[in-house]
Amino acid sequence: MKSIVAFLPCIFLVATTLHTIAADEEPNATPSRIVDSHHHFLDLMDNGFSSWLGGLFGPFQYFPEQYTADVVDPLADTQTALSGSVHVEVLPDAPFGGVEETTWVQSLVDDGRAPYVKAIVGSCDLGDAENVAECLSQIDSASPLMRGIRWILDYVGPFDGNSATHVNAARKDIDYLRGGEGGTVTPEFEEGFAMLSQYDFSFDAQLAPEQLPAMAELASRYPEVPVCLNHVGKPRLVLGPYSNATEPDEFVLTEWKEGMKLMAAQPHVYVKLGMLGYMVPDWILDPKREAVVKDLVIETIEMFGAKRCMFELNWYLGASISDNDGLGTVGPSPVELVGYMSDWLADYSQEDREWIFAKTAESFYKFEDEKNNIIEDDENIDRDDANEDGGSSDAFSYYCHGSG
């Protein structure tokens, strides 16, 4: 009896400590703040630099005021602050439309219409040997918020609107990552990719899963160029084309997993968690389909670690196009998506959730604080050590297949 009494204070202390940790972390609580690491503004009616895209899809527009009404204000009503965002290019004209688009987005920030935008990812055709150097130089000067480049690469064959090939491929009909000699990266694209380090630019990699090994090979040769995979690596229709399916297509899943493991092995490669309906359209309508999406998100986090994963809304035009890019009929609102992600991350620590919801994006895209200082990792983690953590918008989306 004496031995039990002697241990009672220790038992009480342990129980109290565990209760305090649980109370502080509240794993199912929505985050107090998020960063949207991927969203778009566009004006296909009046922006001359969007003539190519506007000619395809018509006069679509989405402005900062709409984003505030759709995203910022509803989140604030649930006590979640949008503490920053990353604007990502929307297929401006080549070769220098990306410079004009970046200038336009910066003007929206300067005019106070988009105060939440803390970083810009611009457009530049890295495979355009004749113009890439001048494009990068001009875009670097176009905005103090310029942080990286995206040139959409999804290619599995000639564009027809019914495959994973992106409409951007219609400009040249080439697979930059596998169109070179022996199925390797084209020398022109690799030369442009290598130039990114001259400006301290990162690369936003949007591609099809079958291209992941080629992207991993390229990234391995340029560790000085940080890479961020868009949209969980873009596995497409993981459950197949049928809306009532609940079992994954093993070929699609295996191809994605093998490619993602190769990317995760590169410590300077990060990934965005969003556009989930491209994997499983209409997943919010069926708990079994939601479970598949959750499993893929968690598997991605386990491969990359929380400090290399960042939450994205991919928001523009509306919920369905932002979530599934025309492959489904519905999508979650920003508030709902934050809620889903919060529930899925319930078993992760408070610190891990903070990285996923905000800090990874702030670090990767070098957000500046109020004193114009670059926000650094709390632990000053080097990228080499980062792997330790383990009209009708439907018409627009039909052709874009992942413009987000």
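**Exercise 1. A pair within one helix**

Describe the geometry of the pair Tyr340 and Trp344 and explain their spacing along the helix.

Solution. 
Step 1. The ring centres of Tyr340 and Trp344 are 6.0 Å apart, with 40° between the planes, and the pair is tilted.
Step 2. Both residues are in helix H11 (residues 334–344). Because they are four residues apart there, about one helical turn separates them.
Step 3. Trp344 has a relative accessible area of 4% and is buried.

**Exercise 2. Other ring contacts**

Identify the residues of the aromatic cluster, and the charged groups placed over the rings of Trp52 and Tyr278.

Solution. 
Step 1. One aromatic cluster is formed by Tyr176, Phe189, Phe193, Phe203 and Tyr222.
Step 2. Over the ring of Trp52 sits the charged end of Arg171, 4.2 Å from the ring centre.
Step 3. Over the face of Tyr278 lies Lys234, at 4.6 Å from the ring centre.

**Exercise 3. The buried side of helix H5**

Find the buried residues of helix H5 (residues 132–142), their arrangement around the axis and the elements they pack against.

Solution. 
Step 1. The buried residues of H5 are Val132, Cys135, Leu136, Ile139 and Ala142.
Step 2. Their arc around the axis is only 120°, so they are on the same side of H5.
Step 3. These buried residues pack against helices H4 (97–110) and H6 (187–195), and against strands S5 (117–123) and S6 (146–150).

**Exercise 4. Backbone exceptions**

Locate the cis peptide bond and describe the positive phi values of Asp173 and Asn314.

Solution. 
Step 1. Most residues other than glycine have a negative phi, and most peptide bonds are trans.
Step 2. The bond from Ala94 to Pro95 is cis, with omega near 5°. Pro95 is in the loop between strand S4 (81–88) and H4.
Step 3. Asp173 has a positive phi of about 55° and is found in the loop between S6 and H6. Its relative accessibility is 42%, so Asp173 counts as partly exposed.
Step 4. Asn314 has a phi near 50° and is placed in the loop between strand S10 (309–311) and helix H10 (319–324). Asn314 counts as buried, because its relative accessibility is 0%.

**Exercise 5. Confidence**

Decide which regions have pLDDT under 50.

Solution. 
Step 1. For the protein chain the mean pLDDT is 89, with 84% of residues at 70 or more.
Step 2. Confidence is highest in S9, at 99, and lowest in helix H1 (residues 2–25), at a mean of 36.
Step 3. Residues 1–25 stay under 50, with four contacts beyond four places in sequence in the model. Residues 379–392 also stay under 50, with 31 such contacts.
Step 4. Where pLDDT is low, the predicted coordinates should not be read in detail.

Technical notes:
Residues are numbered from 1 along each chain as its sequence is written. This is a predicted model: local features need pLDDT of at least 70, side-chain atom pairs count only at pLDDT 80 or more; totals for chains, interfaces and linings use all residues. Side-chain values use heavy atoms; hydrogens and water are left out. Rings of Phe, Tyr and Trp (its six-membered ring) pair if their centres lie within 6.5 Å; planes under 30 degrees apart count as stacked, over 60 as edge-to-face and the rest as tilted. Helices (H or I, at least four residues) and strands (E, at least two) are DSSP runs, numbered from the N terminus. Buried means under 20% relative accessible area, exposed over 50%, partly exposed in between (1.4 Å probe, protein chains only). A charge sits over a ring if NZ of Lys or CZ of Arg is within 6 Å of the ring centre and within 35 degrees of the ring normal. The arc is that of the directions from the helix axis to the C-beta atoms. Contact means heavy atoms within 4.5 Å. pLDDT is the predictor's confidence in each residue, from 0 to 100.
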